[in-house]
Amino acid sequence: MLTLFYAPGACSLAPHIVLEWIGQPYEAKRVQYGSPELVAVNPSGAVPALCDESGWVLTQAGAILHYLARRFPQAGLDAGNTPEEQAELDRWSSFMTGDLHPSFYPIFMPERYTADRSEAAKEAVRQAGMELVRKRLALLDAQLAEHPFILGERRTVIDAYAFPMIRWAIMKLPEKLGRYPHVQALHDRVTEDAAVRKVLADEGLDRAA
């Protein structure tokens, strides 16, 4: 049985949702960042981490999502079979990992981006981070303008990957998703899924973010 190490509401929410979508038995272990239990599994002390039946451990949300999609093809959460379809999944996974997710770092951890410890300096960093998030969400909104899901007409692991970050945007942007109606629609569509509601409840999260 697969074991997922997660922190509530973190990017580990994505593989947690995908495991529920797959419908096979798994264990979800709640951990603290940097805790001895987590470091024993992932020396970086970060979530998510996934351990398989043999004890093999995989880290990094994008890699875990790709692995789950390809290990359980019957769940239909991978892209199509053509090189172009697979490349689109890789492209949007890279976008989540390299563009959207890091845009939140200045908001969550402004002290990392300035030597000035004043609250005004940290607030300036947060505001700059919000602008980065807005630019990334605009790109995602454009992608969703003609399709219900990021890669087209059916859900994939990429929609799960986007979901926790969309929730962060709702929590951190003063305007929430008002400028991004297609992103809002994806959020609502995913939130209404019964498996997603179960995962949110299991992690102790509010459905409304």
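This is a predicted model: local features need pLDDT of at least 70, side-chain atom pairs count only at pLDDT 80 or more; totals for chains, interfaces and linings use all residues.
1. On the overall layout, the chain has 9 helices and 4 strands. Followed along the sequence, these elements come in the order β-α-β-α-β-β-α-α-α-α-α-α-α. The radius of gyration is 17 Å, close to the 17 Å from the globule rule for 209 residues, so the chain is as compact as a globular protein of that length. Its C-alpha trace spans about 50 × 45 × 35 Å along the principal axes.

2. Next, the inside and the surface. Of the 209 residues, 48% count as buried. The accessible surface of the chain is about 9,700 Å², and carbon and sulfur atoms supply 53% of that area. As for charge, there are 22 positive and 27 negative charges, and their mean positions lie 5 Å apart.

3. UniProt, in an unreviewed entry, lists residues 82-209 as "domain: GST C-terminal".

4. Which of its residues are buried? They are Ala61, Gly62, Ile64, Leu65, His66, Leu68 and Ala69. An α-helix has 3.6 residues a turn, so residues three or four places apart point the same way. That is a handy thing to bear in mind when you view H3 on screen.

5. What do the buried residues of H3 pack against? Their strand partners are E1 (2-6), E3 (49-51) and E4 (57-59). Their helix partners are H1 (13-22), H4 (83-103) and H7 (157-172).

6. Finally, a single side chain to inspect: glutamate 111, which lies in the loop between helix H5 (105-108) and helix H6 (119-143). Is glutamate 111 buried, exposed or partly exposed? With a relative accessible area of 36%, glutamate 111 is partly exposed, because that value falls between the 20% limit for buried and the 50% limit for exposed.

7. Staying with glutamate 111, and leaving aside residues up to four places away in sequence, this residue touches Arg117 and Lys122. Glutamate 111 and lysine 122 are 11 residues apart in sequence, and their C-alpha atoms are 6.2 Å apart in space.

Technical notes:
Residues are numbered from 1 along each chain as its sequence is written. Side-chain values use heavy atoms; hydrogens and water are left out. UniProt positions are given in the numbering used here, feature names are shortened, and annotations may be inferred rather than shown by experiment. Helices (H or I, at least four residues) and strands (E, at least two) are DSSP runs, numbered from the N terminus. The radius of gyration is taken over C-alpha atoms; the globule rule is 2.2 Å times the number of residues to the power 0.38. Buried means under 20% relative accessible area, exposed over 50%, partly exposed in between (1.4 Å probe, protein chains only). Accessible areas come from the Shrake-Rupley method with a 1.4 Å probe; for residues, only the protein chains shown count as cover. Lys and Arg count as positive and Asp and Glu as negative; His and the chain ends are not counted. The place of a charge is taken as NZ of Lys, CZ of Arg, CG of Asp or CD of Glu. Contact means heavy atoms within 4.5 Å.
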